[in-house]
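Hi,

Here is the structure I said I would pass on. Have a look at it first, and then read my notes below.

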Amino acid sequence: AGVGGRDDIVMARRLVLVSHRFLHHSDHSGYDRLAEFLKPDEVRASRLNHWLSLGGRIGPVYSRANALTDLDLLPSALRGPDALFHALYSENTMRLLPWLRGSRHRVVASVHQPAAFFERLFRGVSGGYWRGVYGRLDGVVTLCLAQRRPFEALLGPERVWTILYGVDTA
């Protein structure tokens, strides 16, 4: 079966990882290293990622470089073949991506912040916006069981998967 038993999400789709390389990660760390094991058809990250990130942020964790990555995905998504887009570090890289979800594309996201971060995010002043962003996803991948609560409340338990990467965010 596919991810979480959902063959319809995975089958006959190209895999596009949407990633971000953080300056504080060593060459041997970071979730973007999953690309070596997942063998995606494409890895997308802003070509201007590091130096443009220094130029400012759009909100608490979304940089201008991340915005460019989001925008850079749109043309290929609109005219490209069916794809499964997986946003690694969704807290940082994902704003427009969920709106690509539809009959042709599937969108999933990995999260790495603690459950309390998302509970505050979903309740805050812009909580409706964030519930809309994450609520459009086909699924969310959590890193530990403690992260599941806010996403199960939003998506239902069948659309939340946990892969124990060895990181406890509790």
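A nonpolar core, as I use the term, is a set of buried Ala, Val, Leu, Ile, Met, Phe, Trp, Tyr and Cys residues joined through side-chain atoms within 4.5 Å. Buried means under 20% relative accessible area, exposed means over 50%, and partly exposed is in between (1.4 Å probe, protein chains only).

Before you dig in: this is a predicted model, so local features need pLDDT of at least 70 and side-chain atom pairs count only at pLDDT 80 or more, while totals for chains, interfaces and linings use all residues. Residues are numbered from 1 along each chain as its sequence is written, and side-chain values use heavy atoms, with hydrogens and water left out.

Now the cores. The largest nonpolar core has 24 residues, and F85, M94, L97, Y134 and F151 have the most contacts inside it. Among the elements that each supply at least two of its residues are α4 (64–79), β3 (83–87), α7 and α8. (Helices are DSSP runs of H or I with at least four residues, strands are runs of E with at least two, and both are numbered from the N terminus.) Leaving aside neighbours within four places in sequence, L97 is in contact (heavy atoms within 4.5 Å) with V18, D70, L73, F85, A87 and V107. There is also a second, separate core of 8 residues, including L88, Y89, V141 and W161.

Next, a pair of helices. Helix α7 (residues 127–135) and helix α8 (residues 148–155) pack at an angle of about 80°, with their axes 10 Å apart. The axes are lines fitted to C-alpha atoms over the stretch in contact, and angles run from 0 to 180 degrees between N-to-C directions. That makes α7 roughly perpendicular to α8 (the word covers 65 to 115 degrees; under 35 is roughly parallel, over 145 roughly antiparallel and the rest oblique). Where they meet, R131, Y134 and G135 come from α7, and F151, L154 and L155 from α8.

Which residues of α7 are buried? They are G127, W130, V133 and Y134. Seen down the axis, they fall within an arc of 120°, so they line one face of α7; the arc is that of the directions from the helix axis to the C-beta atoms.

In α8, the buried residues are R148, P150, F151 and L155. Their arc is only 170°, which puts them on the same side of α8. R149 and A153, on the other side of α8, are exposed. Just after α8, look for G156, with a positive phi of about 90°.
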